[in-house]
Amino acid sequence: MTVFGADLMARLDAFAGFTEEPGLLTRLFLTTQHRAAADWLMELMGKAGMNARLDPAGTVVGRYEGTVPGAPALLIGSHIDTVRNAGRYDGNLGVLAAVAAVAELDRRGERPPFAIEVLGFGDEEGVRFPVTLTGSRAVAGRFDPAALETRDRDGVRMADALRAFGGDPEAIATAARKPGEALAFLELHIEQGPVLEAEGLPVGIVTAINGATRFAVRLRGMAGHAGTVPMALRRDALAAAAEMTLAAERVAAASESGLVATVGRIEAKPGAVNVIPGEVVFTLDVRAPEDAVRRDACAAILADFEGIAARRGVELAVETTHDAAAAPCSPGIRRQIEAAVVRAGVRPLSLPSGAGHDAMAFAGVLPMGMLFVRCKGGISHNPAESITSEDADLAVRILLDIIRHFEHETPTA
């Protein structure tokens, strides 16, 4: 029996060497380090029996032909860009595990009745430019050309960076798969959360990628002397924000639909130890795997905010800064992933993804699904990101099993 875990972990360690910061893993979209990683990946794909190329949007594409050359392809992939000071498994695991699975097919001389394309996307993280999912949106036919005019913090246009990288801004539309060229999209990814570890399970089946709504909230009360203004006469903006934070937590905690709500940033002014805060700004992030649940929760939370503001005598202003729909995984693909998990002897657990992924770009375009791999402590976007060799090995085996039993679903499956 081939053992995949040790080799995969070694390759992930080697891949982490393509970084802008020695001793840390930082590989931003369209940098020289991203290009070096792409070249290394294309070489690895070639050794695995694939024809590798770089598409116009900077995605690494490795194609393994099926029994009939030119057949429609099962797309499997994730991203190879990172956040700053990243962990080495976010994104990278899904790409290199897919390469390992294809390499095993090639070693055994197996050709499925369809092609396989392994995709190493760039710009899933959205760190360098103020856009995300550039590579996956291009393949899905959803790329917005306006993104090419965005600039990084050094003033470099994305179009210019893409051209220097070896892509082709004018030809991005050709990266899209035409009808009949692709069968489905699969993504293997670390969970980036603690659920699988808490359940004692190595893998899980994703039900949907949560939709997310974000708000910027501003409260205006009245600053005053901390020693001379009686409690009953205060218009304390920070106390109001604290009550609002707990109200958001209460609404989310009462839901049984995977709803989460987070106040992630808060700032009080004037910020002196002996002054009642007269102004507060804070953020609210609400996510759920079902859009209706998220919308209802947002309405309930904001209604609570209005009541709190009125009772405490503070002015409330709310701005929606982000709103993204949920991306449900295709039921047919979920069933196939679950069947492979069961065949591997693992209790199947379905769970939503609270984080965004490249798979979002394919929702409604192709049948898509995701397999999560347990990560230690649920830690991600952090050098402490950790998985085991045994879980990595199992993930490749399950991916291989999915490929071997794959049945094409229609886009509405």
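**Aromatic pairs.** I began with the aromatic pairs, and the count comes to nine. Here rings of Phe, Tyr and Trp (its six-membered ring) pair if their centres lie within 6.5 Å; planes under 30 degrees apart are stacked, over 60 edge-to-face, and the rest tilted.

**Ground rules.** This is a predicted model, where local features need pLDDT of at least 70 and side-chain atom pairs count only at pLDDT 80 or more, while totals for chains, interfaces and linings use all residues. Residues are numbered from 1 along each chain as its sequence is written, and side-chain values use heavy atoms, with hydrogens and water left out.

**An edge-to-face pair.** I looked up Phe 29 and Phe 129, which pair edge-to-face, with 6.4 Å centre to centre and 85° between the planes.

**A stacked pair.** Why is the pair of Phe 185 and Phe 362 stacked? Their ring centres are 4.3 Å apart and their planes at 15°, so the pair counts as stacked. Phe 185 is buried, and so is Phe 362.

**A cluster and a charge.** I then found Phe 15, Phe 18 and Trp 40 linked into a cluster by ring pairs. Arg 27 lies over the face of Phe 15, 4.4 Å from the ring centre; the rule asks for NZ of Lys or CZ of Arg within 6 Å of the ring centre and within 35 degrees of the ring normal.

Notes:
Buried means under 20% relative accessible area, exposed over 50%, partly exposed in between (1.4 Å probe, protein chains only).
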